[in-house]
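Student: Could you take me through one part of this structure slowly, showing me where its residues sit and what they touch?

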Amino acid sequence: MIIPHSGWTRKSAQAVHDLPLMDLLFRAQTVHRENFDPNKVQTSKLLSIKTGGCAEDCAYCSQSARNGSTLPASKLIEVQRVLAEAKKAKDGGATRFCMGAAWREPKSRDMPALVAMVEGVKAMGMETCMTLGMLDDTQVVQLRDAGLDYYNHNIDTSERYYSEVITTRTFSDRIDTMNRVQEAGIKVCSGGILGMGEHTGDRIDMLLTLANMTPPPDSVPINMLMPQADTPLAEAEPIDPIDFVRIIATARILMPKSYVRLSAGRSDMSDEMQAMCFFAGANSIFVGETLLTAENPEEDTDSILFAKLGLQAETAEEHNRTEAAE
């Protein structure tokens with residue numbers, strides 16, 4: 001359940017965020033080393049299993065049918081195609097396979113295929129993750145019993161700013177689904193998007209919501225907005241790189257045992273910016289050329305960057321040992 005935690009308040013989190021940058025980075029790296037191998041990065045692969053035609057109006061999303069996007073809608077793809085992609089991801093070194101569908105919530109007729117996808121990926125020895133929008137109690141149990149490890153349900157931004165970005169659902173709708181997921185014993189993956197016109201305080205409040213979950217999310221993806229054509233945020237001003245790094249470092253300090261994922265937007269980041277993010281405590285990335293519909297650095301690019309920084313992809317065995325130690 002998401003219950004207020006006395007350890008972090010807005011005042012204390014703001015004080016962390018506002019530290020001189022060198023002090024903030026030193027503290028974040030110290031916390032990171034206390035909980036993780038600083039030279040290992042967990043890698044995940046994300047596959048869109050149903051693209052476009054979503055009934056939600058998320059202002060950042062090219063898959064919405066309501067905000068001006070012209071991306072065509074597709075049907076839920078075949079189970080065997082998903083499993084073939086999962087095998088390629090595993091052969092490429094990914095330890096987690098994430099499956100995302102563009103809709104408000106799955107229908108009952110979708111569940112048998114979704115369950116088969118989870119079971120098939122799980123049988124390969126990979127961690128399974130899905131992002132399917134809102135879930136009811138029955139759907140959560142079906143996915144848990146199929147072996148789903150993680151459920152991604154980003155809160156996107158602060159509760160205050162949420163209605164400026166999305167009007168077809170509420171912030172509390174997101175919280176309700178995360179509560180169901182946690183109560184069923186599935187791990188939560190939840191984070192947000194920076195650069196949507198929010199204030200610094202909104203970014204800190206977003207992290208506070210996550211940090212005050214009991215327990216906090218196991219994975220916290222931090223996305224940098226990649227403005228998509230034909231969406232309300234197509235002309236959004238880019239976030240300052242140092243401001244972005246500050247949020248990564250603050251997330252690491254507020255959620256010391258969570259994997260902090262450097263997610264969408266990496267294709268627009270310099271090597272130097274990514275290096276600062278890894279130093280600030282980011283220790284998870286998506287690999288592959290696309291994230292649902294957004295560009296992502298190719299695997300060769302990531303390999304070159306990892307070699308420059310002396311980083312290595314975390315193996316499944318290393319990941320399991322880290323989780324067992326928590």
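**A close look at two helices**

Tutor: In this predicted model, helix 2 crosses helix 9 in a left-handed sense. The axes of these two helices, which span residues 21–35 and residues 241–254, come within 9 Å of each other and cross at roughly 40°. On the side of helix 2, the residues that take part are Leu 21, Leu 24, Leu 25, Arg 27, Ala 28, Val 31 and His 32, and they meet Ile 242, Val 245, Arg 246, Ala 249, Thr 250, Arg 252 and Ile 253 of helix 9. Sorted by class, this contact between helix 2 and helix 9 contains nine nonpolar, two polar and three charged residues.

Let us turn next to helix 5, beginning with its start and then going around it. At the start of helix 5, a side-chain oxygen of Asp 136 lies within 3.1 Å of the backbone nitrogen of Thr 138. Within helix 5, which covers residues 137–146, the residues Gln 139, Val 140, Leu 143 and Ala 146 are buried.

Definitions and conventions. Residues are numbered from 1 along each chain as its sequence is written. This is a predicted model: local features need pLDDT of at least 70, side-chain atom pairs count only at pLDDT 80 or more; totals for chains, interfaces and linings use all residues. Side-chain values use heavy atoms; hydrogens and water are left out. Axes are lines fitted to C-alpha atoms, for helices over the stretch in contact, and angles run from 0 to 180 degrees between N-to-C directions. Helices (H or I, at least four residues) and strands (E, at least two) are DSSP runs, numbered from the N terminus. A crossing is left-handed if the near helix is turned anticlockwise from the far one by less than a right angle, and right-handed if clockwise. Contact means heavy atoms within 4.5 Å. Ala, Val, Leu, Ile, Met, Phe, Trp, Tyr, Cys and Pro count as nonpolar, Asp, Glu, Lys and Arg as charged, and the others, Gly among them, as polar. Buried means under 20% relative accessible area, exposed over 50%, partly exposed in between (1.4 Å probe, protein chains only). A polar contact is a pair of N or O atoms within 3.5 Å; within protein, one must be able to donate a hydrogen and the other to accept it, and residues adjacent in sequence count only if both atoms are side-chain atoms.
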